[in-house]
Amino acid sequence: MLSATRSAALTILIAASGLSAVALERFEQGEGGFGRERRRVSPLGYDATTAYDGRFSFVRIRYGAASQLAQGRFFRGEPPWAHDFPRAEFNFLKILNELTFLRTFLDQGNIRTLDDPELSMFPIAYMSEPGFWTMDEAEMEGLRAYLQKGGFVIFDDFREDHMYNLTAQMRRVLPDASWQRLDASHPIFHSFFEINSLDDVEGYYGVVEWHGIFEDNDPGKRLLAVANYNHDLGEMWEFSDTGYVPVDLSNEAYKFGVNYVLYAMTH
Amino acid sequence: MFDAIFRFFFELSPVVFSQGEYRFAPTTGSYVAAALVGAGAALTIYAYRSGRGRTRDRVALAGIRLAILAVILICLFRPLLVVRAASPQQNFIGVLLDDSRSMQIADVDGQPRANYVKSEFGDQTRGILQALSNRFTVRTFRFSNAATRTTQESDLTFAGSQSRLGAALSGVRQELAGLPVAGLVMVSDGADTADTALGEALLALKAETLPVFTIGVGQATLSKDIQVGRVATPKTALKGTTLMVDVVLSQSGFDGQKVTLDVEDEGTLVSTQEVSLPDAGVPASIPVRFTVNEAGPRVLRFRVSPQEGELVAENNAREALIDVRDRKEKILYFEGEPRFEYKFIRRAIPDGDNIIVTSLIRTADNKYLRQGVDGPDELVAGFPKTREELFSYRALIIGSLEAAALTGDQLRMIAEFVDKRGGGLLMLGGPRALAEGGYAGTPVADVLPVLLDRGNVQAKGVVSRLNVKPTRAGMATAVTQLAATEAASMEKWNSLPVITTVNRISGVKPGATVLLTGTDENRAEQPMLVHQRYGRGKTFAFLPQDSWMWQMHHSIAVDDLTHENFWRQMLRWLVDGVPDQVEPTFATERVEPGEAAQLVANVVDPSFVELNDASVLVTVTGPDGTVIDVPMSWDGENPGEYAAAIPTKAPGWYEARLDATRGGKVVGSAVTHFRAAPGDAEYFDATMHAGTLRRIADETGGRFYEAGDTNSLAEDLRYTGRGVTTVEEHDLWHMPIVLMLLVGLLCAEWGYRRAVGYA
């Protein structure tokens, strides 16, 4: 079992290195640049969806009014939910496909709002920058049903007082739920890779904290959501093939991502 | 009526004719008369040989004349019926009176059957018994379980809980052995409740040429009655299991009426439904659903409230014993890839449930995640490699896992798991399952209920989207019941979202049952859930890859339990009836108090190989707390089968604990229950069974009578030919039928002549 984990970790390194090599080549050809990669995303790409066919698809939650998107009132013209899209998920899906027996879509974005009926066909979802998260009643109802029926949400890429917004929004969704801090003994850190310590993990924004919401607030029960406070796994995934982020950091980020997905697939 | 008519024409009873011998007793005058008749015949032929008229008429008239002469000639030769008749008061008659509860049914002119028995056989100063006593020495017996001598009317209580006709006949036959017995008279409704066949008792009576004259008391059809007939329930069930049970209802006199069918679990109502009664005399099977939530031996009562005017209210309820087990039953689920189907099936079984899903999921090459294991060692080496390890589970689920992931021996073990161990196997659909997973031609394919062909597989990436619905056979199972009633359940199935499959099967095996079927976009149907029994166990193939849609889909409400209920019932069915290493079975769930319960136990080792050299001890705790030990012994014929008779005394529940050891080591143990209680079989099919009584009479040389048509009984008994007899000769020439025949022939001749103008 342990040797299998090591070999998987090695595969991450190799796969991430491979992605880096391709990206470096593209960067050297003048395509790259921190930020320019993001800007190349067409606003049309924000409507990317994937039709369910039994395979795993990485769902990115879109939030905020459509008018905000049209007005382009965002940093670099990019809405916060779309940070790291699509390269983060494309790279992550390649890693998942490579390392595990999970059958995934590749190079295919899947952006859904919380009130999208099709969201229910993909029981694992990812939200970026929940510090900016707003939702209407329909979205609130949609997320509540999604979580109660068995869905799982990963909140990523937030820091400082963003936690207040995440807490406030989740209180609207599940009034009785509370965020609880996770330690390394939780099964989510052992569902594929054995992550035995969280102390050495270098956060993107500072000291990382892992928080979770449990079914019935009972730590012995299923996790409904996990939040990486002060961290940005998506960023690590996005730039794992560019050389901007140390391979070790990307490597760690992939481990967490793979574990989250495997946990949600088995619990 | 028939008897009276027969006697009018022939002067004697039919029995006398059947028992007697025929002969002639001519005198010298008979021969002289014969010569004269011969001359008359010759003269007749001569006279009609020619003359006027048509030949046809002359032949007819000659024939009639010759017939008249023939009758006269026969009479002149004095035909006799010689019969051996019982000598008065020198022979015995055994009278068997049915003393069971069914004789209390009031269908003899509105009076209980018992009244007829009392009035006709209660005292030697009246009724049929008087007529018999005038000719014979009568020995009266009453019977229910067995026959016992009775001397006075008050001995008859009509409270017996059984009618064992064969045992009663054998008992009386032995009781009267050595006496000159002319015959036996059995007065009964003919409802035999014995487990053993009647034939053996009849064979002994035939061998002794002892005739039985039977009198049927009661109506062949009850005018107004509702009966809860057969109820087929499992003997054991896991606590929390929802059962679908077929209750057979029949009725007479209540056509088209609606009644309420209730199910009570030890007095607690667990199911109620309104049903329309079937046509009179046509039994109908009504599916009833209920959940057993209380552990222990439970008596389930299936009841229709008595209706106004019903003759028998006692047959409106039927009881069944179910041993509800409150124990953990482990299912091994081996999944070959991370997928949501795995998560949601596991999630459908809540913590604390009696079902434990121990799972092994392959997340990557040679990398597994274990869940629901008992300890750090369980499944640590992956899928079991020995029979002992695999057979410790009661059921096995194989997910999207290719056959190549298992060794040849493991594939054989899985087949043996079903065939020999008697476990349940469920193969789920998925890209690595069934034919797509390379199972065609493997031992596992042999036990599956679907046909797999390695040349007929679904192309990679092709997904069929289907609406799934239960078949007619599926609707009769608990697993498809998604709502309280069949109609509501069907409506629920119709509202479920589309799910997908990536597997193709080449057909369903003979003997397998399709429980769910799917209809795709092209309206083509294919089986989705197929079941069959194989060897000692059972197998299922469930083709969809995402039944979790029944949980997650946006059209499904948060509090909707469709997915949970389906899988809970599915997994309960999978472990239902799976045998233990020590598996006890009682021949019947109930015995009469005082009778012994016949217990049989199958004993096997951890590999489920039968053991013939085990020591098996039954510790029986009676209803009064008394404990006795009864050793069981191998029956010497069937491998691993041990038998014992458990004695009973007081009525009530008995607990039997079986402990099997071998060489000082424990093989296994089991606990089962039975009860000693009076049966209620008397009230079921409580009509008068003329067929049974007629068969007893016919096979023994006696005669069947209906109550009220027994005038000739005493006389008929005289001519059985048994006991102390005298020879009686009955002249037949002066029977009224002879005179009528002669007069008739003469009239025919005269009438014919008139018709053709000869007269």
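The model is predicted. Helix α17 of chain B spans residues 690–700, and its buried residues are B:Leu693, B:Ile696, B:Ala697 and B:Thr700. These residues lie on the same side of α17(B), because they cover an arc of only 90° around the axis. An α-helix has 3.6 residues a turn, so residues three or four places apart point the same way. B:Gly701 follows α17(B) and has a positive phi, near 90°.

Helix α8(B) shows its own buried side. B:Ala201, B:Leu202 and B:Leu205 are buried in α8(B). Their arc around the axis is only 95°, which places them on the same side of α8(B). The face turned away from that side carries exposed residues, namely B:Gly199, B:Glu200, B:Leu203 and B:Ala207. The buried residues of α8(B) pack against α7 (165–175), β7 and α17 of chain B. Just after α8(B), B:Thr209 takes a positive phi of about 50°.

Nonpolar cores were examined next. The largest nonpolar core has 187 residues. A:Ala225 and B:Ile331 have the most contacts inside this core. Helix α8 of chain A, residues 247–266, gives the most to the core, with 10 residues. Beyond its neighbours within four places in sequence, A:Ala225 is in contact with A:Leu147, A:Phe152, A:Val153, A:Phe155, A:Gly212 and A:Ile213. A second core is separate and has 55 residues. Among its members are B:Leu184, B:Met186, B:Val212 and B:Leu713.

The interface between the chains involves 28 residues of chain B, in contact with 23 residues of chain A. On the chain B side, α9 (340–348), β17 (355–364), β18 (367–371) and α15 (549–552) each supply at least two residues. Helix α9(B) gives the most to this side, with 5 residues. By class, the side of chain B that touches chain A has 12 nonpolar, 9 polar and 7 charged residues.

The loop between β17 and β18 of chain B holds B:Asn366. B:Asn366 has a positive phi of about 60°, although it is not a glycine. This residue counts as exposed, because it has 10 C-beta neighbours inside 10 Å. B:Leu434 also has a positive phi, of about 50°, and is not a glycine. B:Leu434 lies in the loop between β20 (424–428) and α12 (443–447) of chain B. B:Leu434 is buried, because 30 other C-beta atoms lie within 10 Å.

Chain A contains a cis peptide bond. The bond joins A:Phe85 and A:Pro86, with omega about -5°. A:Pro86 is placed in the loop between α3 (66–71) and α4 (87–99) of chain A.

Strand pairing in chain B was then traced. Strands of a sheet pair through backbone hydrogen bonds, either parallel or antiparallel. β21(B) pairs with strand β22 (residues 499–501) of chain B in the antiparallel sense, over 3 bridges.

An open sheet of 3 strands in chain B has the order β8-β10-β13, with antiparallel pairing. Its edge strands are β8 (225–232) and β13 (284–292) of chain B, and each pairs on one side only. From one strand to the next, the twist averages 35°. Strand β10 of chain B, residues 241–252, runs antiparallel to β13(B) and is joined to it by 9 bridges. B:Val247 stands opposite B:Ile286 in β13(B).

Definitions and conventions: Residues are numbered from 1 along each chain as its sequence is written. Chains are lettered from A and ligands numbered from 1 in the order in which they are written. This is a predicted model: local features need pLDDT of at least 70, side-chain atom pairs count only at pLDDT 80 or more; totals for chains, interfaces and linings use all residues. A residue is buried if 20 or more other C-beta atoms lie within 10 Å of its own, exposed if 12 or fewer, and partly exposed in between; C-beta atoms are placed from the backbone. Helices (H or I, at least four residues) and strands (E, at least two) are DSSP runs, numbered from the N terminus. The arc is that of the directions from the helix axis to the C-beta atoms. Two residues are in contact if their C-beta atoms, placed from the backbone, lie within 7 Å. Ala, Val, Leu, Ile, Met, Phe, Trp, Tyr, Cys and Pro count as nonpolar, Asp, Glu, Lys and Arg as charged, and the others, Gly among them, as polar. Two strands pair if DSSP finds at least two bridges between them. A nonpolar core is a set of buried Ala, Val, Leu, Ile, Met, Phe, Trp, Tyr and Cys residues joined through C-beta atoms within 7 Å. Axes are lines fitted to C-alpha atoms, for helices over the stretch in contact, and angles run from 0 to 180 degrees between N-to-C directions.
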